[in-house]
Structure formats: structure tokens, C-alpha cells
Amino acid sequence: MNIFDKAVEIVNPSAALRRTQDRFKLQMIRSFQNSGYDESGASRNKNSMRGWLANSKTPQEDIDKNLPTLRQRSRSLYMSAPLAVSAIKTNRTNIVGQGLQLKSTIDGDYLGMSRQEKERWQKDAEREFALWADSKFCDSTRVNNFYEIQQVACMSWLMNGDACVLLEYDKPYKFYPYGLRIHLIEADRISTPHQTGNSVYLHATDPNTHNRIYNGVEVDDSGKIVAYHICSTYPNSTLRAEKKWTRVKAFGDKTGSPNVLMIYETERAEQYRGVPYLAPVIEALKQLTRYSEAEMMAAVINGFFTVFITSENGTSDIGFGGVVDDEDSVSSDPTSYELGPGMVNVLNPGEKVEIADAKRPSTNFDAFVTALAKYVGAALEIPVELLTKSFTSSYSASRAALLEAWKAFRMKRTWLAADLCQPIYEIFLTEAIATGRLKAPGFFLDPMIKKAYCGAQWNGPSQGMIDPVKEVTAAEKRISVGLSTRQKETVELTGGDFEANIAQLAREGEMMKEAGLVSVQSAETITEKEKKEDGEED
């Protein structure tokens, strides 16, 4: 209460009470007005927030409208920015590597198979799939085999935001008994028909189905994807004048199998196209590239030893005009002068050259680039050590960085396997069983039986080990206390197959016995016996 309120209270207590009640009501109103995020992220009164005109709309308006520019800039960075190349290729190498390999894991219990029958069927399925996948005939363009297609699809997904795979059929051959073909196309070709210019955002309505088409993706009134519209060439390409769009149904009417596989990371509900992996850091990467190029050029110029000769009588009494070769000359303009190692320039009367001292290389260059690389790596879920391929930290710090990176790699690998490898494998099995190359009773009659036969794991490159002794010891302890299995540890540490290792070790042991050599197991037994004897002597 102020002095005036105290005076009113003495003269007229009733009026003072009403003033107090009104003041309390005003405080309550203000507290409701400034509740929640009004005082922080949603504030419109703070000076720091007044200029922030955030205006998010639907995924189609926020994402699809800007996709052409994001794709072009992402590709430009991949072709010119070293850190951008490292980010994409590091993901490609750790997610796919040489290709995700099939490990058939059918549900033998549900199918009523013995262990031997289950293993025999799995080996047959893997052998048939290798026949199809190892050949370039699985590719509609006959450029890559299935594992190389995985690499390209992963690169396209990261660089363009999404990758599109068309599942086609061609006639089988005697040497290649399968008709399934994979046609990988870039994201640009999935676009809205009859568009003008380079804009792919202008959505349209299919005249036959009256469905909406967003950036080449046709959806019905409930938001369900029903078809994709694929252009015969790149919409902004000038190589072919005629552009035709083909409507491809997303799924088969009778089988329900996908005709088109779209691989992308979904950020928002009702999002139908992916965002390039580099989108959040495009500006940072571009500015860092410009800064690196400027520092490099300044260092090069600072390293030049260039001589400028001045004469009061002009260049006529100078016996030469420079030592640069004609093929190295940048310009023939007599008014321009060039810099170069050992370059000599003769100036005209009255001309004077002043060159700023570049003072390069800058001592802060490495620290600044490293700091910005951390900033970029955090957004891309790649530690700076892995992004710059510079491991200078301690074992614990390097291991923690790799473990954090592999969380993201495994997640992306799971997505790629679920969206690309597994659907293709299931369609392959359908053809193999329909043509009689594999026997699977009830496959076409019961969806549960089909699912039991389609079980599979897709194994890729292993995480790698910084200190193999420590990590193998830790794996042994996890197995001994029941926290892990030998199969799981084999896959994670080396990317191999425990069962295949056991079979191979058995064959090697037999070969060593036949050759009269001591097997590995025998050598270990002898070593343990020697240690025991040494202990007894002590």
C-alpha cells in the first residue's frame, strides 16, 4: 500500500476495501495473461522476441514448398563442402557399408519345423536370394547389384530427403530365373503433373479420382497415400522437351504388395516427402566453406613473391614485362596485373600497388573450424571426432563419441532395412515360392504363415573397436552373466555370424589335425597348463 491508500483507509475504510479488491482482481487478470510460455518462448513483449515472426503451417507448406531449393543446395554442398561430404559418406559407410546382408530367421516353431529343417530352409532361401541380389540384372538399369543399390539409395535419401524405388518385372532368363527388378530414381521425378517452371509445390487434383496431389504424392480424403506421379525425366531438365507423368499405384489391388518404396525420415504427421539430411545446417556449412576458401586464398597470396617495377619513363626502357608463361596467364588485359610465385609486373607511370598484409594463416583458423564442426555435428548426430576423422581425445571420450554416433547409425539402418530391404525380400520370396524354387506350404493361404517364412535380419558393418582387448573382455562378461549372446556379440563386434564361425572353426580344426598341426584349442590348453605348472613351481 502506498501513502494515498493509507490515507483513504483512514478516511473511508469501505473505499479502501474496494480499492484493495479491485487491485487483487487486476493482478489475477495479469497473471492469467502472462501464464505458461508467455514469459519465455511465446513472449511477444520481450525485445529479444519481438522480431521473431515464426509462422509454421502444414507440412506441405513448410516442407514441400522449399524442397527444390533445399535439394539443390544440399547437392551443391555435397559437391563442394568437405564437411558435408564427410557427414553423408560417414552415414553411408556405417549404415550400409558393403551392403546389408540377409540372415534368414524363419519362425520354425510356428511352422512345425525341426531344427535341421529350419536351418536347411534358411540356407536355401539365402542361397536363392544371393543368386538374385549378387547380379546386376536385379537392377532395371543393369548398373548396380542389390548391395550397391542400397548404397545409392542411402546416399539419395540423405542428400535429397528421400529415395524412390520402383518395383518392376522383366522376363526371366535361363541364367537368371527371376523377373523382379529394382528401379531407383531420384526424388525430383516424383512431382505434380503439368506443373510450370521449377515449382513442385503447386498441388493439384487428379481429374479421374479427385484426390489431392502433393509434390507428386496422391492422397485421398483421409490422407492415405494411394499413388505416385512420376515424370519421364527431371521436371527442370532441358535435355528432353517432352515430359510425361505416369500414375503408379502405391500398392497392388490384389496382393497389397508395394509398387513404390519411399525411403525418408518422417518429422511431422501427415508428411509425404522427406527433408534433406543437411537442411538444418546448410547455411552453417556454406559459410564455413566460404571462410575456408577465403583463408586458403589469403594464405596462397601471402605466399607469393611478386615484384612490381616502377619507372618514370614507362615500360619502353624495361627489357621484359613479366615472367609468367602465356598458358598460366589469367587475363590479357594490359591494365590488370597478376600475382604468382616469382611474378614480375611492370607498372605504368603514376601507378602504385598497395597490398594489404593478409597475415595468414590465421592462428584461430583451426579452433574456429573445430568449434563450428561441433555445432554442425550436434545437429547431424555425428560427433566432431567422427565428422572430421580426428581422434585426439582419450579412450573414454572417443568411445563415448562412437557409442553416441552408433545410436543414430543403428536407428537409420533399421529404417533402411524396414523400408527397402525387407519389402524387397518379401516380394522376392513370393516370386521364388510361386515359381517353385522354394517350397513353403501355406505361404499364400495364411498371412501368419507368410510372416513366419519372411522373418529376416539385415546385418551391416560392425561398430568397430577402439581397444579390442577391453571390448572382447567386456563381451565375454556380458555373455557369462546372461546379458548378451554369442550371436549378438559376434554381429556387433565383427559383423559376422556365430553359427558360421563355429562351422568354419570345426572345419579348420579337422584340417589342422589331418595336417598334424596343433589346433587352436589345443594350443590354448597347453598354454593354460604351462601357466598352472608355473604357478605350482612358484
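Reader: What makes α5 roughly perpendicular to α6?

Author: In this predicted model, helix α5 (residues 67-80) and helix α6 (residues 82-95) pack at an angle of about 100°, and their axes are 6 Å apart. Angles of 65 to 115 degrees count as roughly perpendicular, so α5 is roughly perpendicular to α6.

Reader: Which residues of α5 meet which residues of α6?

Author: On the α5 side you have L77, Y78 and S80, and they meet P82, A84, V85, I88 and K89 in α6. Sorted by type, the residues of this contact divide into six nonpolar, one polar and one charged.

Reader: Moving on to the sheet, why is one side of β4 and of β8 left without a neighbour?

Author: Look at the strand order: five strands form an open sheet, β4-β5-β6-β7-β8, with antiparallel pairing. β4 (204-205) and β8 (245-249) stand at the edges and each has a single partner strand, so one side of each has no neighbour in the sheet.

Reader: How do you know that β5 pairs with β6?

Author: Count the bridges. Two strands pair if there are at least two bridges between them, and three bridges join β5 (residues 212-214) to β6 (residues 217-219), which run antiparallel.

Reader: Why is the pair of Y214 and Y272 called stacked?

Author: Check the planes: they are at 10°, with the centres 6.5 Å apart. Planes under 30 degrees apart count as stacked, so this pair is stacked. The pair also links distant parts of the chain, with Y214 in strand β5 and Y272 in the loop between β9 (260-264) and α10 (282-303), 58 residues apart. Both Y214 and Y272 are buried.

Reader: What makes the pair of W406 and F409 edge-to-face?

Author: Here the planes have 90° between them, and the rings are 5.6 Å centre to centre.

Reader: Where do W406 and F409 sit in the chain, and are they buried or exposed?

Author: W406 and F409 belong to helix α13 (residues 395-434), three residues apart, which means they are separated by about one helical turn. Both W406 and F409 are buried.

Reader: Which residues form one aromatic cluster?

Author: That would be F129, W132, F146, Y147, Y178, Y425, F428 and W458.

Note on methods:
Residues numbered from 1 in each chain as written. Predicted model: local features only at pLDDT ≥ 70, side-chain atom pairs only at ≥ 80, totals over all residues. Heavy atoms only, no water. Axes fitted to C-alpha atoms, helices over the stretch in contact; angles between N-to-C directions. Helix = DSSP H or I, 4+ residues; strand = E, 2+ residues; numbered from the N terminus. Parallel < 35°, antiparallel > 145°, perpendicular 65-115°, else oblique. Contact = heavy atoms within 4.5 Å. Nonpolar A, V, L, I, M, F, W, Y, C, P; charged D, E, K, R; others polar. Phe/Tyr/Trp six-rings, centres within 6.5 Å; stacked < 30°, edge-to-face > 60°. Buried < 20%, exposed > 50% of the residue type's maximum accessible area, 1.4 Å probe, protein only.
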